[in-house]
Amino acid sequence: MTTKWKWMLWITGALLLAIVASAIYIENRGGHYPIYKASSFSHLLLPTASPASTSEPVVQISAGTLRGTHAGSAIAFRGIPYARPPIGELRWHPPEPSLPWQGVREAVLPGSACTQRTSGLTPFFAPMAQAYGSNFEQPPIKSSEDCLYLDVWIPDWPVKRALPVMVWLHGGSNTVGSGTQSTYDGISLSRHGVLLVTLNYRLGVMGFFSHPELTAESPHHSSGNYGLLDQLAALNWVKQNIAQFGGDPDNVTLFGESAGAIDATRLMTSPLAAGLFKRVISESGPAFDSGQNLSQAEAFGSAVSALAPGNAQSTPLAKLRALPVAEVEALILKAKEHFPTDITAATTDGWVIPLSPQQALLTGTFQKVDLLIGLNRRELSAFRLAAAAAAKPSGGQSSVTESGGLKKLSEAARYYFGSWTNPAIAIYLGRILLNKDAGLDGAANDLIAACPVGAVASLTNASGQHVFVYRFDRSIPGKGESALGAFHSLEVPYVFGSLRDREWLWLPSTQDDASLSDLLQTYWTNFARTSNPNASGLPNWPAWSDEEKEFLVVNQDASVTAQRNFPPLFSSLRANELKLSFKAK
């Protein structure tokens with residue numbers, strides 16, 4: 001045998017050995033932990049129910065007297081105003097305290113959702129329901145600028161001890177949705193011994209619009225972020241009033257999903273949130289972005305007002321305030337044709353958000369609160385289907401593999417993968433070519449979800465806070481499983497115990513899912529109570545550490561297990577390395 005052939009055999013053998021060694025490493029980097037079926041713990045999950053009370057639920061708060069209603073096993077106070085209606089001259093104005101009322105206000109019906117498109121969530125959910133061979137039924141949307149209301153859900157009445165409080169920020173891209181959606185019915189979650197508050201906040205152009213005239217009006221020289229100010233007003237209302245309902249104002253957890261999770265993380269970076277909550281639960285919405293500065297946001301606002309019709313003697317802002325919301329939204333769309341922007345991006349305004357969320361986290365300039373944070377395994381799948389249904393480019397294989405897509409992918413990865421960026425991108429491209437949409441979903445999950453989630457977890461942990469991380473892999477067996485997997489928002493009905501709610505009836509959930517829902521509600525409410533999701537007899541959920549980076553996995557079959565090494569292969573999410581990497585940005 002010639003020397004040339006010997007070398008070729010040696011190189012081939014070395015390559016095969018390296019491939020085998022890599023496969024063994026990848027297989028074992030998550031560690032080996034026990035796997036638990038959620039149904040094995042159903043007898044541990046719910047506290048003993050209190051006898052039904054016949055006493056009338058009436059409370060006295062700062063603005064007046066409220067009478068609630070019995071809702072299943074819970075008590076609900078609905079449609080409580082936490083601020084004055086932001087209409088007329090109060091459009092694009094920080095929320096002002098609600099006006100007092102005389103007599104007893106009946107708090108039995110929810111308030112209006114904040115102004116949004118009439119189709120609501122249908123464009124998002126209908127394609128997924130269709131993938132499962134079913135239909136999504138959109139409940140009627142009552143939408144109005146007069147929308148700053150909240151609901152309070154209590155497990156029993158009267159409350160015998162001060163309960164931990166969970167304040168929910170709904171998702172919907174900060175453009176649609178409402179805290180009054182039936183998915184967020186608080187009967188199931190409150191049974192775990194918490195008091196739940198759900199709220200509406202201004203959306204879209206009404207909630208996130210900046211303009212030079214608005215900045216000039218403000219004593220803080222800021223504009224935009226009105227939706228965040230609404231959320232802060234609701235949290236201040238909770239601080240002042242929740243004790244009257246039986247809640248502990250010093251034990252508040254702020255939690256949200258998607259845009260609600262992003263907003264919760266943004267509020268972690270706001271000095272205005274000091275003392276308003278002790279914990280954050282962030283579901284599928286890490287806010288680790290640079291956002292936009294005030295001048296950028298104002299420039300878009302000026303472009304919008306330049307299109308406004310009206311009296312030439314009126315100021316641009318006066319013209320916009322005089323228009324119906326639908327006409328303002330039409331101007332937004334027209335302005336975007338020449339001035340593309342994300343109107344709901346965080347605006348670093350020097351008051352509500354002094355630093356971008358990314359810089360605040362990197363520099364440790366944020367509220368020191370404990371954190372439970374995670375994501376779903378295939379977040380992108382729902383958006384792909386929605387885009388395809390709307391006859392828009394789906395962001396599929398061709399857009400990623402073309403040179404522009406590759407460049408954007410590499411730029412997003414470089415801060416997390418460093419010198420390993422090119423090998424990582426090569427692996428992702430191979431998976432996309434091999435697995436098509438599922439491969440694309442996996443790459444997107446790692447780069448725009450898992451890496452930011454891990455970054456927020458590491459930086460919060462580095463500040464001395466308790467951090468717990470999860471990944472939700474459960475996928476519902478059925479016609480749409482292969483196309484969707486564990487899609488964006490799927491964990492929400494588990495957290496609220498609403499799998500059989502009308503908004504989710506298209507999804508063929510099983511008894512295993514009901515058991516998993518009880519387990520997740522227990523973890524969530526345990527964390528809200530003590531900053532630790534664990535309790536005696538439950539599967540252990542290890543806390544995050546810089547060394548092990550352990551997390552909880554909700555498996556595809558609805559079982560749960562712990563794993564280590566949450567960061568994607570080749571990435572580095574240690575706090576000190578993140579600070580160095582983003583410092584050069």
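## Helix α16

Helix α16, which covers residues 437-462, contains 26 residues and spans 36 Å between its first and last C-alpha, a reach close to the 38 Å expected at 1.5 Å a residue. The model described here is a predicted one, and the helix in it shows a bend of about 40° at Asp446.

Most of α16 is covered, with 20 of its 26 residues counted as buried. The helix is followed by Gly464, a residue whose phi is positive, near 95°.

## The protein as a whole

The protein holds 20 helices and 19 strands, and of its 585 residues 55% count as buried. Its accessible surface amounts to about 24300 Å², and carbon and sulfur atoms contribute 57% of that area.

As for contacts, among those in the protein with a separation of 6 or more, 77% are made by residues 24 or more positions apart.

## Aromatic pairs and a cluster

When the whole structure is searched, 32 aromatic pairs are found. One of them joins Trp504 and Trp506, whose ring centres lie 5.9 Å apart with the planes at 25°, so this pair is classed as stacked, the planes being under 30 degrees apart. Trp504 and Trp506 are each buried, and they belong to one aromatic cluster that they form together with Phe124, Phe125, Tyr132, Phe136, Phe383 and Phe487.

Because Phe551 lies in strand β18 (residues 551-554) while Phe566 lies in the loop between β19 (559-563) and α20 (575-583), the pair ties together parts that are 15 residues apart in sequence. Phe551 and Phe566 are both buried.

## Arginines over tryptophan rings

Two arginines are placed over tryptophan rings. The charged end of Arg91 sits over the ring of Trp92, at 5.4 Å from the centre of that ring, and Arg105 lies over the face of Trp101, with 5.3 Å to the ring centre.

## Two glutamates in loops

Glu503 is located in the loop between α18 (492-496) and α19, and its relative accessibility of 7% places it among the buried residues, because buried means under 20%. Although Glu503 and Gln138 are separated by 365 residues in sequence, their C-alpha atoms are 7.1 Å apart in space. When residues up to four places away in sequence are not counted, Glu503 touches Phe136, Pro139, Gln181, Ser182 and Thr183; of these, Phe136 is also a member of the aromatic cluster that includes Trp504 and Trp506.

Glu548, by contrast, is found in the loop between α19 (511-530) and β18, and it is partly exposed, with a relative accessible area of 35%. The C-alpha atoms of Glu548 and Gln563 are 9.1 Å apart, with the two residues 15 apart in sequence. Leaving aside neighbours within four places in sequence, Glu548 is in contact with Arg564 and Asn565.

Terms used: Residues are numbered from 1 along each chain as its sequence is written. This is a predicted model: local features need pLDDT of at least 70, side-chain atom pairs count only at pLDDT 80 or more; totals for chains, interfaces and linings use all residues. Side-chain values use heavy atoms; hydrogens and water are left out. Helices (H or I, at least four residues) and strands (E, at least two) are DSSP runs, numbered from the N terminus. The expected span of a helix is 1.5 Å times one less than its number of residues. The bend at a residue is the angle between axes fitted to the seven residues ending there and the seven starting there. Buried means under 20% relative accessible area, exposed over 50%, partly exposed in between (1.4 Å probe, protein chains only). Rings of Phe, Tyr and Trp (its six-membered ring) pair if their centres lie within 6.5 Å; planes under 30 degrees apart count as stacked, over 60 as edge-to-face and the rest as tilted. A charge sits over a ring if NZ of Lys or CZ of Arg is within 6 Å of the ring centre and within 35 degrees of the ring normal. Contact means heavy atoms within 4.5 Å. Accessible areas come from the Shrake-Rupley method with a 1.4 Å probe; for residues, only the protein chains shown count as cover.
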